[in-house]
Amino acid sequence: MIRHFLFAFALIQLHFFVSDAQNVLEAGTTTVPASDFVYTPQEGGSGWNCVKYSVTLPGGVNSDIIAGVVTLANGNAIVNSNYASVDQAYYDVNSKFVAGSECSFGSNPTCSRVVGLSQSETYVAGVGNKGDSSTTFTYTISECTDAEAASVSSGITLNALLGLTSAIIVTLVLA
């Protein structure tokens, strides 16, 4: 009886481990030139409701670098734009990141984010550089684990509920 219990417990643990494992979609090392923006994968990816991405600057912290997830359309628009200044480009890139995906590297050379996505949209992970010299970075883009996907959807629901509650309170106070 104990042997059957231990075997069943081991199968449950194995199922949990396998079902919560991350599938790496893309990983690599590349360089973002000075005053430029690069994204990957070039054709974009779609069909996910959640991804986890990590970016590391092997050279250390660099406040000129930002990273995040954008739609493929926004990635193409950024690359094909003629900005009046590097700062204008930097702020435009930052404004196009999917909410919650933004990374900066002024105090830490590594950033990881779990990002909720729309399965019908095509996305890319992008890195912008407003500095005067190119910067090398490593990255990994993975599918979310079940737990990460649940945390993203719970966070969205919680934020929506908090916003709705605030709107109701404001309405009651003004009424």
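Lys96 belongs to helix 3, where helices (H or I, at least four residues) and strands (E, at least two) are DSSP runs numbered from the N terminus. In this predicted model, local features need pLDDT of at least 70 and side-chain atom pairs count only at pLDDT 80 or more, whereas totals for chains, interfaces and linings use all residues. Residues are numbered from 1 along each chain as its sequence is written, and side-chain values use heavy atoms, with hydrogens and water left out.

With a relative accessible area of 22%, Lys96 is partly exposed, because buried means under 20% relative accessible area and exposed over 50%, with partly exposed in between (1.4 Å probe, protein chains only). Leaving aside neighbours within four places in sequence, Lys96 is in contact with Val69, Val70, Asn74 and Ile78, contact being defined as heavy atoms within 4.5 Å. Lys96 and Ile78 are 18 residues apart in sequence, and their C-alpha atoms are 8.9 Å apart in space.

## Asp92 in helix 3

Asp92 is also found in helix 3, which covers residues 86–96. Its relative accessible area is 19%, so Asp92 is buried.

## The chain as a whole

The secondary structure of the chain comes to four helices and eight strands, and from the N terminus on the elements run α-β-β-β-β-α-α-β-β-β-β-α. Of the 175 residues in the chain, buried residues make up 30%. Among contacts between residues at least 6 apart in sequence, 89% join residues at least 24 apart. The chain exposes about 10,400 Å², of which carbon and sulfur atoms supply 58%; accessible areas come from the Shrake-Rupley method with a 1.4 Å probe, and for residues only the protein chains shown count as cover.

The largest pocket has a volume of about 240 Å³. Of the 16 residues that line the largest pocket, Ser35, Asp36, Phe37, Tyr83 and Ala89 are the closest to its centre. A pocket, on a 1 Å grid over the protein atoms alone, is an open set of points where a 1.4 Å probe fits, with protein on both sides within 12 Å along at least five of seven lines, and lining residues have an atom within 4 Å of a point. Helix 3 gives the largest share of this lining, four residues, while strand 2 (36–46), helix 2 (72–80), helix 3 and strand 7 (122–129) each supply at least two.

The second largest pocket, with a volume of about 170 Å³, is lined by 14 residues, of which Leu25, Pro41, Trp48, Tyr123 and Ile141 lie nearest its centre. Volumes are the space filled by probe spheres set on grid points, which are joined across faces, edges and corners.

## Confidence in the model

The mean pLDDT of the chain is 81, and 75% of its residues reach 70 or more, pLDDT being the predictor's confidence in each residue, from 0 to 100. Over residues 1–20 the pLDDT is below 50, and this stretch has four contacts in the model beyond near neighbours in sequence. Where pLDDT is low, the predicted coordinates should not be read in detail.
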